[in-house]
Amino acid sequence: AALMGDDFLEQCLPVELASSGLRLHGWAGLPTYSRSQSDMQFFYVNGRLVRDKVVSYAIRQAYQDVLHHDRHPSFVLMLELDPARVDVNVHPTKSEVRFRDSQAVHQFVFHALARALSGLLLFAATICAAQNYPARPLRLVVPYAAGGSTDVLARMIGQKLTENLGQAVVVDNRTGAGTLIATDIVAHAA
């Protein structure tokens with residue numbers, strides 16, 4: 001809270017993902033909490049505040065469908081990885097790093113943020129559909145394999161929405177490639 005302020009804490013999503021020796025955790029600002037400048041962007045690698053083009057690009061890509069091109073997301077994100085996988089001696093002030101496998105880091109950061117943002121979009125789209133079709137149950141069509149992390153997230157959101165809206169929200173999944181951002185929200189008669 002001291003770094004970003006209370007407003008940020010009310011307007012952010014938690015980010016937490018670990019895979020293949022990489023762990024990303026922290027908070028990403030909602031698209032509605034975007035800025036006209038990049039003054040509220042803090043990215044740490046193994047506890048060190050850094051600026052990195054690979055990471056910046058991954059973050060911009062994750063937000064590209066939900067943020068206007070002249071706006072900047074706010075975030076406090078921490079990446080942890082084996083120190084042998086990153087060179088911190090690129091810049092005299094050690095504010096820049098070079099990853100041994102920059103493509104893997106890019107993909108990991110992008111997918112972690114896209115996953116966090118997709119849960120928000122699924123929630124918002126479901127609320128919108130519920131308002132447009134208040135008398136009918138809703139079916140969320142999620143283009144991922146059953147049992148995956150996105151499927152689990154969608155089912156949890158469906159259950160919470162059913163409880164809070166007083167309207168049935170059913171999750172249906174299709175196996176296949178795609179992103180949750182492209183999820184269809186379909187109202188149907190049960």
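User: Which residue forms a salt bridge with Glu-80, and how far apart are the closest N and O atoms?
Analyst: This is a predicted model, in which local features need pLDDT of at least 70, side-chain atom pairs count only at pLDDT 80 or more, and totals for chains, interfaces and linings use all residues. Residues are numbered from 1 along each chain as its sequence is written, and side-chain values use heavy atoms, with hydrogens and water left out. A salt bridge here is a side-chain nitrogen of Lys or Arg within 4 Å of a carboxyl oxygen of Asp or Glu. Glu-80 pairs with Arg-23, and the closest N and O atoms are 3.3 Å apart.

User: How many residues separate Glu-80 and Arg-23, and which strands hold them?
Analyst: Strands are DSSP runs of E, at least two residues long, and helices are runs of H or I, at least four, both numbered from the N terminus. Glu-80 sits in β5 and Arg-23 in β2. The pair links distant parts of the chain, with a separation of 57 residues.

User: Is Glu-80 buried or exposed, or in between?
Analyst: Buried means under 20% relative accessible area and exposed over 50%, with partly exposed in between (1.4 Å probe, protein chains only). Glu-80 has 34% relative accessibility, so the label is partly exposed.

User: Which residues join Arg-23 in one salt-bridge network?
Analyst: Arg-23 also bridges to Glu-16, with closest N and O atoms 3.0 Å apart. Arg-23 is partly exposed at 29%, and Glu-16 is partly exposed at 46%. Away from this group, Arg-35 and Asp-39 meet at 2.7 Å, N to O. Bridges that share partners tie Arg-23 to Glu-16 and Glu-80.

User: What does Phe-99 contact beyond its neighbours within four places in sequence?
Analyst: Contact means heavy atoms within 4.5 Å. The partners of Phe-99 include Asp-52 and Arg-85. Also among them are Val-45, Val-55, Leu-79, Leu-81, Val-86 and Val-105.
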